[in-house]
Amino acid sequence: MQPEAKDPEEDSVWEGPPSMLWGLDPMFNAFTRLYVKDILQMRESCQVSGIYFYNSHPIFKVDVLGTVVYKREREDFLCYGVDDGTGVINSLCWKDEQWRDQGDPATSGARSFGSSARGDFNPANELKKLRQAQHSSSHLEIGELLRVRGPVKTSRQQREIMASTYYKVSDPVMAVQISWMMEVPQLYRQCYDKPFHLDSSAQNPNIQGGSASYLLGRATRILKDFLKEKEVTRFRPYDVQDLLQPLVSRQPQKTAAEQVTERDKDLLMAVRDILREDCRREKYVEKGCHVLHVLSSVRQRYSRNVSKEALELVLKALECNSDIISTSDSHYTIL
């Protein structure tokens, strides 16, 4: 069930969660399949232009499937009005440069198809056929089905999609549309309609009330104080990691790290390969590699998000399996 329509002027700009935490929301880097009605009603962030919020989820790019209800063509772009049944939104689709330089491949290629009709293979003609197919899939008429992906922009107080990918969908028996109408409500129930929050705050006894809003507020104040004290505008995540660490309880972190050791076989293999390679070097042959050296190598080769606690559990798991052995305090070598 869709929410009641809101006044577009009411709460059109919203502060939302701190931008430092947007990357923690999986929807931030995904093409969200929102209804057009919700895209038009999303509140824009006052922190960063071009970022919008649906149910506190930060969103800047969407994925829409709908029928073309109007079309406007210019020299450099095509503008389609896409109707998904809940509303209509403009989709700005830039033309390929080769189309502008060489003209319409549907007409320019037709003159040269005759030579290949005799059965001879002509690479130039085949390339023109491919260009014609690409051109026809990107030039739609009213009533045809269009799928478009791209960031959302607000131009002249009108919200539109700046298409990064768009194409005509052939759906004679409506199989694509039926599948879409079944998948999107599930995404709403499982993801979109659940407010954005950090899971660790729900069971954190050290945070007042255990609420996500409190955690976000605390993180915002800490970051503002940091920027004011250091008088900087740019910084690395590692610079504030120690400041934000007290906001998260230790027990959930340990549980997450244990899940890593149990499920992430690639991380286990990466740590074992790093020790196997580095322990052959003369510098580490006798004593082995220090845990901080292993951590640095894992972050360079595997993932920058691996914590020291997770790595220590991985090392313990490898040691229990007799893959490695600790030679001294915080030093490990391969067996």
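User: Hi! Which residue forms a salt bridge with K71?
Analyst: Hi there! K71 forms a salt bridge with E141, and the closest N and O atoms are 3.4 Å apart. Keep in mind that this is a predicted model.

User: Where do K71 and E141 lie?
Analyst: K71 lies in strand β5, while E141 lies in the loop between α4 (123–138) and β8 (145–155). The pair therefore ties together parts that are 70 residues apart in sequence.

User: And how does K71 count, buried or partly exposed?
Analyst: K71 is partly exposed, with a relative accessible area of 28%.

User: How many salt bridges does a search of the whole structure find?
Analyst: The search finds 12 salt bridges. One of them is between R33 and D63, with the closest N and O atoms 3.9 Å apart. R33 is in the loop between β1 (13–14) and α1 (36–41), and D63 is in strand β5, so this pair links distant parts of the chain, 30 residues apart.

User: Are R33 and D63 buried or exposed, then?
Analyst: Both R33 and D63 are buried.

User: Which residues are linked in a network with R33 and D63?
Analyst: R147, R149 and E183. Together with R33 and D63, they are linked in a network of salt bridges.

User: Nice. What about D323, which residue does it form a salt bridge with?
Analyst: D323 forms a salt bridge with R272, and the closest N and O atoms are 3.8 Å apart. D323 lies in the loop between α12 and β12 (324–328) and R272 in helix α10, so the pair ties together parts that are 51 residues apart in sequence. D323 counts as partly exposed at 24% relative accessibility, and R272 counts as partly exposed at 21%.

User: Switching topic: how many disulfides does a search of the whole structure find?
Analyst: Zero disulfides turn up in a search of the whole structure. Take C289: the nearest cysteine sulfur, that of C279, is 3.9 Å away, and C289 is in no disulfide.

User: Is C289 buried or exposed?
Analyst: C289 is buried, with a relative accessible area of 0%. Another cysteine, C191, counts as partly exposed at 33% relative accessibility.

User: Let's look at a helix. Which residues in α11 are buried?
Analyst: In helix α11 (residues 291–301), the buried ones are V291, V294, L295, S297 and V298. They cover an arc of only 165 degrees around the axis, which puts them on the same side of α11.

User: What covers those buried residues of α11?
Analyst: The cover includes α10 (265–278), β11 (289–290) and α12 (308–320).

User: And on the surface, which residues form a nonpolar patch?
Analyst: V69, Y70, V88 and I142 form one, with about 320 Å² of accessible area together. Y70 lies in strand β5 (residues 61–73), and counts as partly exposed at 31% relative accessibility.

User: What is phi for M174?
Analyst: M174 has a positive phi too, near 65 degrees, and M174 is a residue other than glycine. M174 is found in the loop between β10 and α5 (175–192), and is partly exposed, with a relative accessible area of 41%.

User: Which residues is S164 in contact with?
Analyst: Leaving aside its neighbours within four places in sequence, S164 is in contact with F31, R149 and G150. S164 sits in the loop between β9 (158–162) and β10 (165–169). From C-alpha to C-alpha, S164 and K61 are 9.6 Å apart in space, yet 103 residues apart in sequence.

User: Last one: how many helices and strands does the protein have?
Analyst: The protein has 12 helices and 13 strands. Of its 335 residues, 36% count as buried. The accessible surface comes to about 20400 Å², and 49% of that belongs to carbon and sulfur atoms.

Note on methods. Residues numbered from 1 in each chain as written. Predicted model: local features only at pLDDT ≥ 70, side-chain atom pairs only at ≥ 80, totals over all residues. Heavy atoms only, no water. Buried < 20%, exposed > 50% of the residue type's maximum accessible area, 1.4 Å probe, protein only. Helix = DSSP H or I, 4+ residues; strand = E, 2+ residues; numbered from the N terminus. Arc of directions from axis to C-beta. Contact = heavy atoms within 4.5 Å. Disulfide = S-S within 2.5 Å. Patch = residues over 30% accessible without salt bridge, like charges linked within 9 Å, V, L, I, M, F, W, Y side chains within 5 Å. Areas by Shrake-Rupley, 256 points an atom, 1.4 Å probe, with all protein chains shown as cover. Salt bridge = Lys/Arg side-chain N within 4 Å of Asp/Glu carboxyl O.
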